[in-house]
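Below is a short report on selected helices, strands and contacts. Have the sequence and the 3D view open as you read.

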Amino acid sequence: MTGSADRPPVRIVHIGLGAFHRAHQVAYTQHSDPSWGIAAFGGRSARLAGTLSAQDNVYTLVERGPDADAFHRMTALVATYGADETAELDRLVADPRVAVITLTITEAGYVAATRESRTAPARLLRALDARRRAGAGPIAVVPSDNVMANGKRIRSTLTASASEVDRDLVAWLTDHVSFVDTVSDRITPAATPADVDLVAAATGWPDRAPVVTEPFSEWVLAGEFPAGRPDWERAGATVVDDIRPFERRKLRLLNGAHLFLAMAGPARGHETVAEAIADPELARLTDEFWTAASPGVPDAAAYRERLRARFANSRIRHALAQIAQDAEHKLRERVVPLVTELLDAGADPGPALRVVAAWLAHTGEAPDTALDRLAPGWAADRRLRHGLDLAALELSRLGSPAGR
């Protein structure tokens, strides 16, 4: 499933083909250096790759602002493959012209065993071994997932798996592969059939795989690129020495608030982020969560104002049900550490515990079982149980807004 001969050569390989990758890394690459082509592999199936391949891997990026849409023809994605096309993945990663591998695995993907051949970490490790055997030189691995220290996380995952089968591969990974920590942000809801019709009417081109996203985008990177990279800074990316303040800001203020709204919003009749943040009671509780999560966050006040505007963009239909997927894994990354920090600092953990309480109510699971799975020891901790009881009581008193 390759692109036309006049497209740029493949220099970046991506694992996890989906809307976010096409709204984010593809856009940064196209707007910074059009000589870098991208080949992308599906995360679970070949359906999207087949759709894109049928239209020469060109698609429309729709930037949906509060008042209008902007349409961009995207051409940096030059080849697409299904998840099971492992021979092509190995061949491309073993090509010395390929300098970067990007990933969108999701939180749940980091706990997948690399010994299961279809998981993204397993496919990546096998492809890197193909590069080692080909003597193709160093390469950078750049994850774009919402976990702390995502580059270090994937390095640990791969090294642990490699150590079970091949010590030489472990040494090669240490010497030849750079794992870059990142913060990646762009709200990208699933496109609808109406979006397909809109793109056709606006552009005159029957695009079967458009991507709809917000105008805002952020990409912060920390790490080395031993084989080179596009000048992503030209498209607005930021390269830093210390990624941690930016991780805290994004994972807690944005993703933590999203998770609260996704858990608490449906009980009040809301289906989207814009609907939930327009609810005065949920907006108040979100503000309290932001205040609790703001210490140590750079430019917290300005960032919160941007978040309010982004969340309120009702033309971006960001479904709460989409955010609620894999909520347990997201809570471990975004909320459990915050609760611990607040307790250690002698601060009120209530605003963060409301997220957990809303999750328990949303899932309907037995609290003790769910808490022990989420954070061992929580079910037996009197401080936490008392705080959760208070948070659950407060949420239950909200009820459902009149008229819903």
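Two strands count as paired if DSSP finds at least two bridges between them. The model discussed here is predicted.

## Strand E3 and its partners

E3 and strand E10 (residues 211-213) meet that definition: they pair in the parallel sense over three bridges. Within this pairing, Glu-63 has Thr-213 of E10 as its bridge partner.

E3 also pairs with strand E4 (residues 69-74). Here the sense is antiparallel, and there are six bridges. Thr-60 stands opposite Arg-73 in E4. Four residues lie between E3 and E4, and the two strands form a hairpin.

How much of E3 is buried? Strand E3 covers residues 59-64, and five of its six residues are buried, so the rest of the structure largely encloses it. The cut-off for buried is under 20% relative accessible area.

## The E9-E11-E12 sheet

Three strands make up an open sheet. Their order is E9-E11-E12, and the pairing is mixed. The edge strands are E9 (181-185) and E12 (238-239), each pairing on one side only.

Strand E11 (residues 218-222) runs parallel to E12, and two bridges join them. Leu-221 has Val-239 in E12 as its bridge partner. Helix H9 (residues 244-264) lies across E9 and E11. H9 runs at about 35° to E9.

## Ser-184

Ser-184 sits in strand E9. Is this residue buried or exposed? Its relative accessibility is 4%, so Ser-184 counts as buried.

Which side chain makes a polar contact with that of Ser-184? The partner is Trp-219, at 3.4 Å. Leaving aside residues up to four places away in sequence, Ser-184 touches Phe-20, His-24, Ser-144, Asn-146, Glu-218, Trp-219 and Lys-250.

## Helix H6

H6 spans residues 150-163, 14 residues in total. From first C-alpha to last, H6 reaches 20 Å. That is close to the 20 Å expected at 1.5 Å a residue.

Which residues of H6 are buried? They are Asn-150, Gly-151, Ile-154, Thr-157, Leu-158, Ser-161 and Ala-162. Seen down the axis of H6, these buried residues fall within an arc of 130°, so they line one face of the helix. An α-helix has 3.6 residues a turn, so residues three or four places apart point the same way.

Conventions. Residues numbered from 1 in each chain as written. Predicted model: local features only at pLDDT ≥ 70, side-chain atom pairs only at ≥ 80, totals over all residues. Heavy atoms only, no water. Expected span 1.5 Å × (residues − 1). Buried < 20%, exposed > 50% of the residue type's maximum accessible area, 1.4 Å probe, protein only. Arc of directions from axis to C-beta. Contact = heavy atoms within 4.5 Å. Axes fitted to C-alpha atoms, helices over the stretch in contact; angles between N-to-C directions. Polar contact = N/O pair within 3.5 Å; in protein donor to acceptor, adjacent residues only side chain to side chain.
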